[in-house]
Amino acid sequence: MKNEPTGSGRDGMVEKSISQKSEETHIHITGMTCTTCAATIEKGLAETPGVEQAKVNFASEKASIEYDPSKVDLSRIKNTISQLGYGMATKKSIFPVGGMTCASCVNRVEQALSSVSGVIFANVNLASEKATIEYVEGTEIADLRRAVKEAGYELGSEAETLEDVTTAAQKEIRIVRNRFIFAAILGLTIMALMWTPVFVGKPYLLWALATPVQFWAGWRFYRGTWGSLRHRTADMNTLIAVGTSAAYLYSMVAVLAPGLFTADGLGPHLYFDTSAMIITLILLGRFLEARAKGQASEAIKKLIGMQPKTALIIRDGEEVEIPIEDVQVGDLIRVRPGERVPVDGTIREGYSSIDESMITGESIPVEKKVGDEVIGSTINKTGSFKFEATKVGKDTTLAKIVKLVEEAQGSKAHIQRLADVIASYFVPIVISIAIITFIIWYFVGPAPALTFAFLNFVAVLIIACPCALGLATPTAIIVGTGKGAENGVLIRSAEALERSHRINTVLLDKTGTLTHGEPRVTDVIATSSSSQEEVLRLAASAERSSEHPLGEAIVKATSERQLELHPISDFNAIPGHGIEASVAGKKLILGNLGLIKDTGLSLNGLEEEAERLWVKGKTVMFLSMDNQVVGIIAVADTIKPNAKGALEELHKMGIEVVMLTGDNQRTAEAIAQEVGIDRVMAEVLPEHKAQEVKRLQEEGKAVAMVGDGINDAPALAQADVGIAIGTGTDVAMETGDITLISGNLEGIVTAISLSKRTMRTIKQNLFWAFAYNTALIPVAAGVLYLAFGQTGVPSGLRFILGDFGFLNPILAAAAMAASSITVVLNSLRLRRFKPANFAD
């Protein structure tokens, strides 16, 4: 049995935890630069009284926190995060409040607002009759209104947003961009001045230009370092702060006391350009990385952006346009051609063709009529219709998909946990290597020893890149799960995505998975004295009063062919055999072979046709009229479209396909032969399905069980990967590791292919991250001096390694920035993933 996956939830969403005393909140963290930052925040939060558990995901920039509200509130949690040198993404809004008359009203409204999960603070002003509320992203405005209304007051529409309307991530990108531009201008100016003869010997100007770069543009690194040190940890900020501060302070001392450096054999050398350009290049890397990370979650943003802002509801016979959050279950809503369906519901009037591709991944529009379900955010293509809202707000299919995808993106794969463990030791090791490098070069290195020791010390600190290690897995997971959602494949966790790439056996439940799950007419054969249409019409006329599934299938077939039925009389059901009735004065018998033999009728030459249909596992019914057999009708649970093509694709991937069914062996083998299934497990009772999965696992197979998610729950849980398959708004998304919304088997191929592609990307990322650090840290430490120290560096490499094989710290900063950007860009290649295109 596999463990249940865990994951963070929707950005800023606040939910009650299982414990009655504690609450769980999911918040967006800003300012993190590597996985050590996430560990620092986790440690700081864990040390906060009242916080029971804290998990921080660097790639999704989310924190999942369980806390006791009687001991700590969100305001305290926010302050703790701020003291660590990071930010908590919140929104601050102003709402008008109606019904207040005195100061006690103010207190009651504040208490009501503060009681809503996700509210950090609420400040109500009686004079202006407004409430200023700070809350985490994802807090429902409807919850705020409900709390105030229960207190006896009214909360109006949002009057003003105090902070920028852009998201916290976008604001972060803009801040980094502005500081990068500032640092670049001054940094390039410093470099130009250091090579301009007229400014040689005027170090105070260089010092003045370098100072704002160091302490304003680079302030984020000092703030992060201070937060880490307070909790006795170190992170990427520490490496940058120490490295650039060393260059800056060395140069500052050289300006103030140049005589201290003359004993080293040379006059004092300034490194203001080094400190400034290191900060500039790292800010550039942060800017490009943040933009790329934003693109990684593009799929989820697309999903969120698909929801309409308003709905056209019908109340008291009039059409009224209202905000989407005010739609209630039971509302009657009109949808016109070209509009998006606002929420989930059932059509009550009209018909149309609806594009559900954004939800199911199916490109062909689906015809909808009265009684059919519609999914919120899908596009109405042609007709106009009215539907009744059945699911709104958090209960809609789209909201569930968004939440599930965000939880998956916040979860961790096993391979990521290993990378995180390595990254947690990385920074202390790098600092140790840098110190050892300085000592060796200072005491053993050639003159000028202090200069060489100093440059190599700074280069080691700057070139080390735990960021690449931290981003290697989660960025690929974010893109992979998002891409899956775009194609109707919902992956619940990173662990499920990781396990799926090892699948070598797919176990398919037949009914409802491989087939439609309901009987359908497949063949109608008539004798020369009748016709196919007449046989079907007579049979449906007789079955119109029957409630048997086979009879319903025949009646449905005539409806699809728009055949008119005859009135009947003298209807009589013969249990286990068939029916008899009178139509237009003629006696009809419709039933199985046993009924026909019992009545002593001849099959009228239809024996071979019946045998052919039986061999295919179909149910055959004979129709006689006035004691003459006039035709046969075959009914079967038909195979889903593209099933054969999907199974062929699985075979190409080297995956064995096994069918699990309660049917008899002959029927099962007939279906297996039709679609190309390798192995059949027939006559299996529902309660024994999990045992069959276990038996395959004992054979050493990695098994994916595909079922409807309702009757197959134990088998789905037993499998290495459980794939729930269904359609529409009632998909049981929580029952499997992976959910296929469209209900078609192509999703299995898509899920496994996407998993293999994602894991390949993760391995490429990890290889690059490890190879980068393994190769370049020794180079930064000056190991190439052993090769080039005596003979000199070849001219083609002198720009990088100087004359003696030492890596310029500025180039080390550029390499570090390029490392993390490369990992993110490699993950973004997953956005080009396209499902296999095949058809039967």
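**Aromatic pairs and their surroundings**

Author: The count of aromatic pairs comes to 16 in this model, which is a predicted one. A pair of aromatic rings is described by the distance of the centres and the angle of the planes. Take Tyr250 and Phe454 to begin with. Their ring centres are 4.4 Å apart and their planes stand at 15°, so the pair is stacked; the cut-off for stacked is under 30 degrees. Tyr250 belongs to helix H8 (residues 236-256) and Phe454 to helix H14 (residues 449-463), so this pair ties together parts that are 204 residues apart in sequence. Both Tyr250 and Phe454 are buried.

A pair with another geometry is formed by Trp441 and Tyr785. The ring centres of Trp441 and Tyr785 lie 5.3 Å apart with the planes at 85°, so the pair is edge-to-face, a label that applies over 60 degrees. This pair also links distant parts of the chain: Trp441 is in helix H13 (residues 414-444) and Tyr785 is in helix H28 (residues 785-788), 344 residues apart. Trp441 has a relative accessibility of 10% and therefore counts as buried. Tyr785, at 16%, counts as buried too, because the cut-off for buried is under 20%.

Rings can also be joined in a group. Phe215, Trp219, Tyr222, Tyr248 and Phe272 are linked by ring pairs into a cluster. A ring may have a charged residue over its face as well: Arg179 lies over the face of Trp216, at 4.2 Å from the ring centre.

Now for the chain around these rings. The protein chain has 30 helices and 32 strands. It has 840 residues, of which 53% count as buried. Among contacts in the chain with a separation of 6 or more, 68% are between residues 24 or more positions apart.

Some helices can be looked at residue by residue. Helix H2 covers residues 74-83, and its buried residues include Leu74, Ile77, Lys78, Thr80 and Ile81. These five cover an arc of only 160° around the axis, which puts them on the same side of H2. After H2 comes Gly85, with a positive phi near 100°.

Helix H16 (residues 474-486) contains Thr481. With a relative accessible area of 1%, Thr481 is buried.

Helix H23 (residues 643-652) holds His651. The relative accessibility of His651 is 31%, so His651 counts as partly exposed. Leaving aside residues up to four places away in sequence, His651 touches Val657, Gly676 and Asp678. With Asp678, the contact includes a polar one between the two side chains, at 2.8 Å. Gly676 is 25 residues from His651 in sequence, and their C-alpha atoms are 9.3 Å apart in space.

Start from the S12 end. Strand S11 (residues 310-315) is joined to S12 by 6 bridges, and the two run antiparallel. Within this pairing, Thr310 stands opposite Pro323 in S12. S11 and S12 form a hairpin with 2 residues between the strands, where Asp316 takes a positive phi near 55°.

S11 also pairs with S13, in the antiparallel sense, over 3 bridges. Here Ile314 has Leu332 in S13 as its bridge partner. Strand S13 (residues 332-335) is in turn joined by 4 bridges to strand S19 (residues 385-391), again antiparallel. In that pairing, Ile333 stands opposite Phe387 in S19. In a regular strand the side chains alternate between the two faces of the sheet.

To return to the request: the stacked example is Tyr250 with Phe454, and the edge-to-face example is Trp441 with Tyr785.

Technical notes:
Residues are numbered from 1 along each chain as its sequence is written. This is a predicted model: local features need pLDDT of at least 70, side-chain atom pairs count only at pLDDT 80 or more; totals for chains, interfaces and linings use all residues. Side-chain values use heavy atoms; hydrogens and water are left out. Two strands pair if DSSP finds at least two bridges between them. Buried means under 20% relative accessible area, exposed over 50%, partly exposed in between (1.4 Å probe, protein chains only). The arc is that of the directions from the helix axis to the C-beta atoms. Contact means heavy atoms within 4.5 Å. A polar contact is a pair of N or O atoms within 3.5 Å; within protein, one must be able to donate a hydrogen and the other to accept it, and residues adjacent in sequence count only if both atoms are side-chain atoms. Rings of Phe, Tyr and Trp (its six-membered ring) pair if their centres lie within 6.5 Å; planes under 30 degrees apart count as stacked, over 60 as edge-to-face and the rest as tilted. A charge sits over a ring if NZ of Lys or CZ of Arg is within 6 Å of the ring centre and within 35 degrees of the ring normal.
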